[in-house]
Amino acid sequence: MNKVALQHLTNQSTAELKEWFESYPQDKFEYIPESKSWSTGQHLLHIIKLYKGINMALRLPKLVLRFKFGTLKREEYSFEELQHDFLTNYGLKKYKSPDNVMPGHVSNEDRDTLLSKIEREKKLLNEQVEKLSEKALSKYVIPHPYFGNYSFREFVMFLKFHNDHHLNTLNENYL
């Protein structure tokens, strides 16, 4: 998947999220179903924190990234391979979000602010992808806490599956 396709995927996935949250009643943004531990707003804040973390990593000097995490030592996954891996592995275990992407309290009044933030983070992500070469997107890695090192390109693709996972959870439990 090239840079243009990555940006399109990010735009589409983020738009789907925003549409869901915009259509959800603002006065229920704090609502937490009995069987769940996060409110609808906390789901959105969690996703924003993930975008921010990826944006931060994409802005690091490549020398720092290479020294800290190395480079991709395997064949890069295709979109379909990554999707299969995510759906297969994610379904087998219950993963706990790392502390750095755990959401704090979110109130009903935070909805519009958070929707603006996700839009801003999406724009920054697309700008970072645009600045990088196709080679750099495939070479440099960011560690995923459960799935191992992902190339920049793979991590941007991962956002789609991660967003879909949260949309499915929201549709199944919060409507």
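Proline 145 sits in the loop between strands β1 and β2 of this predicted model. At 54% relative accessibility, above the 50% cut-off, proline 145 counts as exposed.

**The β1–β2 hairpin**

- Strand β1 covers residues 141-144 and strand β2 covers residues 148-151; the two run antiparallel and are joined by 4 bridges.
- The connection from β1 to β2 is a hairpin of 3 residues, and proline 145 lies in this loop.
- Across the strand pair, valine 141 stands opposite serine 151 in β2.
- Proline 145 has its C-alpha 9.8 Å from the C-alpha of lysine 96, although 49 residues separate the two in sequence.

**Helices α2 and α7**

- Helix α2 spans residues 40-59 and helix α7 spans residues 152-173.
- Their axes come within 11 Å and cross at roughly 180°; α2 and α7 are therefore roughly antiparallel to each other, as angles over 145 degrees count as such.
- On the α2 side, the contact is made by Thr40, His43, His46, Ile47, Leu50, Tyr51, Ile54, Ala57 and Leu58.
- These meet Phe152, Phe155, Phe158, Leu159, His162, Asn163, His166, Thr169 and Leu170 in α7.
- By residue class, the contact of α2 with α7 holds 11 nonpolar and 7 polar residues, and no charged ones.

Notes:
Residues numbered from 1 in each chain as written. Predicted model: local features only at pLDDT ≥ 70, side-chain atom pairs only at ≥ 80, totals over all residues. Heavy atoms only, no water. Axes fitted to C-alpha atoms, helices over the stretch in contact; angles between N-to-C directions. Parallel < 35°, antiparallel > 145°, perpendicular 65-115°, else oblique. Contact = heavy atoms within 4.5 Å. Nonpolar A, V, L, I, M, F, W, Y, C, P; charged D, E, K, R; others polar. Pairing = 2+ DSSP bridges. Buried < 20%, exposed > 50% of the residue type's maximum accessible area, 1.4 Å probe, protein only.
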